[in-house]
Amino acid sequence: MSNRLKVPCRKEKLKEVRVFVGNLLQKHGIPEIEVGEMVLAVDEICANLMIHSHNCNPNKSIGIKINILKGQEVVFEITDYGVGFNFCRYKEPSIDDIIKEKKKGGVGLILVKRIMDNMEFIQKANRNVYRMVKKMKIV
Amino acid sequence: MQISSVLEEGNYIIAIDGDVDASSSIRLDEALAKAVEEGQQHILIDCINLNYISSAGLGVFMSYIEELKEKNIRMVLFGLSDKVKNVFVVLGLDQLLNIKDTKDQARQQSHE
């Protein structure tokens, strides 16, 4: 089973991303709740890139690579081209403010930060790598 | 994702089937907006067949919290799987929204 996936920047492709991540993690015996959390984190980053970095342009694409170090950690690398977004520097809004202002967005990266153990933004020429690590407690 | 709305014994029930993500959350928003517009006072969200929710879906629920409070509308979610409920818990939304296990409990809560 391949550990790489490339998808065009279309929101309708997010389901395919989730199925890919979910299947791969499940095959490695990772518990359902943790699989669900990691699927969510990858979905959030991809949705952000598709919508905010690429304006849902289907001619642009995003790459996803997953490396599993059994019993230790899962490493996700999401790659795109163009203007990068340093997600590590993102300042978390407070949940209370989001509710008061009746905003419909803004919690995606909060979820990612709470789920992942490590986040790193790497820029190489015009390529951006959003690297996230989840440490494994079990297996 | 499929959304259906039905009025049942004084409760307006919105049932979600499938995945609520960045591509489909707008339809959940429309269903809730319609319920509020119609002046429904007791809204139950049937999550029995809700397979997945991302921040886009959570954001929809969050954006109604204040309005529901202002208009004294009760909204109760029920039937969430452990996996889906965990997403609400990670964000602390289980403390800010009414979430019940069963439809009966949700019905009771919405009329308390």
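This is a predicted model: local features need pLDDT of at least 70, side-chain atom pairs count only at pLDDT 80 or more; totals for chains, interfaces and linings use all residues.

**Chain A as a whole**

- The radius of gyration of chain A is 15 Å, close to the 14 Å that the globule rule gives for 139 residues, so chain A is as compact as a globular protein of that length.
- Taken along the principal axes, the box filled by the C-alpha atoms of chain A is roughly 40 × 35 × 30 Å, and buried residues account for 36% of the 139 residues in this chain.
- When contacts in chain A between residues at least 6 apart in sequence are considered, 66% of them join residues at least 24 apart.

**Chain B as a whole**

- Chain B contains four helices and five strands, and from the N terminus on these elements run in the order β-β-α-β-α-β-α-β-α.
- For chain B the radius of gyration is 13 Å, close to the 13 Å given by the globule rule for 112 residues, so this chain is as compact as a globular protein of that length.
- The C-alpha trace of chain B spans about 30 × 25 × 25 Å along its principal axes, and 41% of the 112 residues count as buried.
- Of the contacts in chain B between residues at least 6 apart in sequence, 72% join residues at least 24 apart.

**The helix pair α1 and α2 of chain A**

- Two packed helices are described by the angle between their axes and the distance between the axes.
- Helix α1 (residues 14–27) of chain A packs with helix α2 (residues 32–53) of chain A at an angle of about 150°, their axes lying 9 Å apart, and the crossing of α1(A) and α2(A) is right-handed.
- On the α1(A) side the residues that meet α2(A) are Leu14(A), Val17(A), Arg18(A), Val21(A), Gly22(A), Leu25(A) and Gln26(A), while α2(A) brings Val35(A), Met38(A), Val39(A), Val42(A), Asp43(A), Cys46(A) and Ala47(A) to the contact.
- Sorted by class, this contact of α1(A) with α2(A) has ten nonpolar, two polar and two charged residues.

**Contact between the chains**

- In the contact between the two chains, 22 residues of chain B touch 28 residues of chain A.
- On the side of chain B that touches chain A, α2 and α3 (82–91) of chain B each supply at least two residues, and α2(B) gives the most, with nine residues.
- By class, that side of chain B has nine nonpolar, seven polar and six charged residues.

**Residues with a positive phi**

- Most residues other than glycine have a negative phi.
- Cys56(A), although it is not a glycine, has a positive phi of about 55°, and its place is in the loop between α2 and β2 (61–69) of chain A.
- With 15 other C-beta atoms within 10 Å, Cys56(A) is partly exposed.
- Asn72(B), likewise a residue other than glycine, has a positive phi near 55° and is found in the loop between α2 (55–70) and β4 (74–78) of chain B.
- Asn72(B) has 7 other C-beta atoms within 10 Å and is therefore exposed, the cut-off for that class being 12 or fewer.

Methods:
Residues are numbered from 1 along each chain as its sequence is written. Chains are lettered from A and ligands numbered from 1 in the order in which they are written. Axes are lines fitted to C-alpha atoms, for helices over the stretch in contact, and angles run from 0 to 180 degrees between N-to-C directions. A crossing is left-handed if the near helix is turned anticlockwise from the far one by less than a right angle, and right-handed if clockwise. Two residues are in contact if their C-beta atoms, placed from the backbone, lie within 7 Å. Ala, Val, Leu, Ile, Met, Phe, Trp, Tyr, Cys and Pro count as nonpolar, Asp, Glu, Lys and Arg as charged, and the others, Gly among them, as polar. The radius of gyration is taken over C-alpha atoms; the globule rule is 2.2 Å times the number of residues to the power 0.38. A residue is buried if 20 or more other C-beta atoms lie within 10 Å of its own, exposed if 12 or fewer, and partly exposed in between; C-beta atoms are placed from the backbone.
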